[in-house]
Every structure is written in structure tokens, then in C-alpha cells.
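Work through the two exercises below with the sequence and the 3D structure in view. Each task is followed by a worked solution.

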Amino acid sequence: MHAILAAAIEVVILALNLYWYVVLAAVVVSWLVAFGIVNTYNSTVRTLLTVLSRLTEPVLRPLRRILPDLGSVDLSPIVLWLVLYFLIRVLEQLRFSVAF
């Protein structure tokens, strides 16, 4: 039973790590769009923006409502990264304690 729980925790940790990179990609692409480096009229870029937005906005939107408005600076990805980091570390400790 411990092996199944440890494997399930490992899968959740992997998913959280992958989501961390999805948020990073969303931030980088938004910067590229903001600085005019990427053409948003390109259908591939528009599809990528839509996918990244649909993956990140449901989590970032509530954080934006909680955080103070700083104008053009969006701190919600940083807060999300801190939350993800905390969850990953807690799950790693839990996995370690389940293994023994």
C-alpha cells in the first residue's frame, strides 16, 4: 500500500512540476507579445496563446483578485510559483515519510 501511495504522490509532484513550466512559458510568451517580438496574427502563435491562457488563467485569475493592483506589473505568476514550490516540497516530505 505504501508503494502505491508513494507512486501517486510522485505523479502529483510530476504534474505540479510540469505546471510550473507551463506558467513559465505563459509568462515568457506574454512578454514576447508585450514587446512586439511575436506576431499575434500568426495562427500558430494565437493557438499557443490560447492554450497557455486556458491552462493558466483559471489559477491566476483568483490570485489577481487577491493581490494588490500594481499597474502593469503582474505578480500572480510569482505567487503561484511560490505556492507550487511549497506544495511540491510538502509532497516530497510526505513521499519520504510514506516510503519508510
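**Exercise 1: the helix pair**

The model is predicted, with local features needing pLDDT of at least 70 and side-chain atom pairs pLDDT 80 or more, while totals for chains, interfaces and linings use all residues. Residues are numbered from 1 along each chain, and side-chain values use heavy atoms, without hydrogens and water.

Task: find the crossing angle of α1 and α2, and the residues that meet.

Solution. 
1. Helix α1 spans residues 2-34 and helix α2 residues 43-66; their axes come within 10 Å and cross at roughly 120°.
2. The crossing of α1 past α2 is left-handed.
3. On the α1 side, Y19, V22, V23, A25, A26, V29 and V33 meet L48, L49, L52, L55, T56 and V59 of α2 (heavy atoms within 4.5 Å).
4. By class, this contact of α1 with α2 holds 12 nonpolar residues, one polar and no charged.

**Exercise 2: the largest pocket**

Task: state the volume of the largest pocket and which helix gives the most to its lining.

Solution. 
1. The volume of the largest pocket is about 420 Å³.
2. Its lining has 19 residues, and A26, V27, S30, D74 and P77 are the closest to the centre.
3. α1, α2 and α3 (76-99) each supply at least two lining residues.
4. α2 gives the most, with seven residues.
5. The lining divides into 12 nonpolar, four polar and three charged residues.

How values were computed:
Axes fitted to C-alpha atoms, helices over the stretch in contact; angles between N-to-C directions. Helix = DSSP H or I, 4+ residues; strand = E, 2+ residues; numbered from the N terminus. Left-handed = near helix turned anticlockwise from the far one by under 90°. Nonpolar A, V, L, I, M, F, W, Y, C, P; charged D, E, K, R; others polar. 1 Å grid on protein atoms, 1.4 Å probe; cavity = no way out; pocket = protein on both sides within 12 Å on 5 of 7 lines; lining within 4 Å. Points joined across faces, edges and corners; volume = space filled by probe spheres on them.
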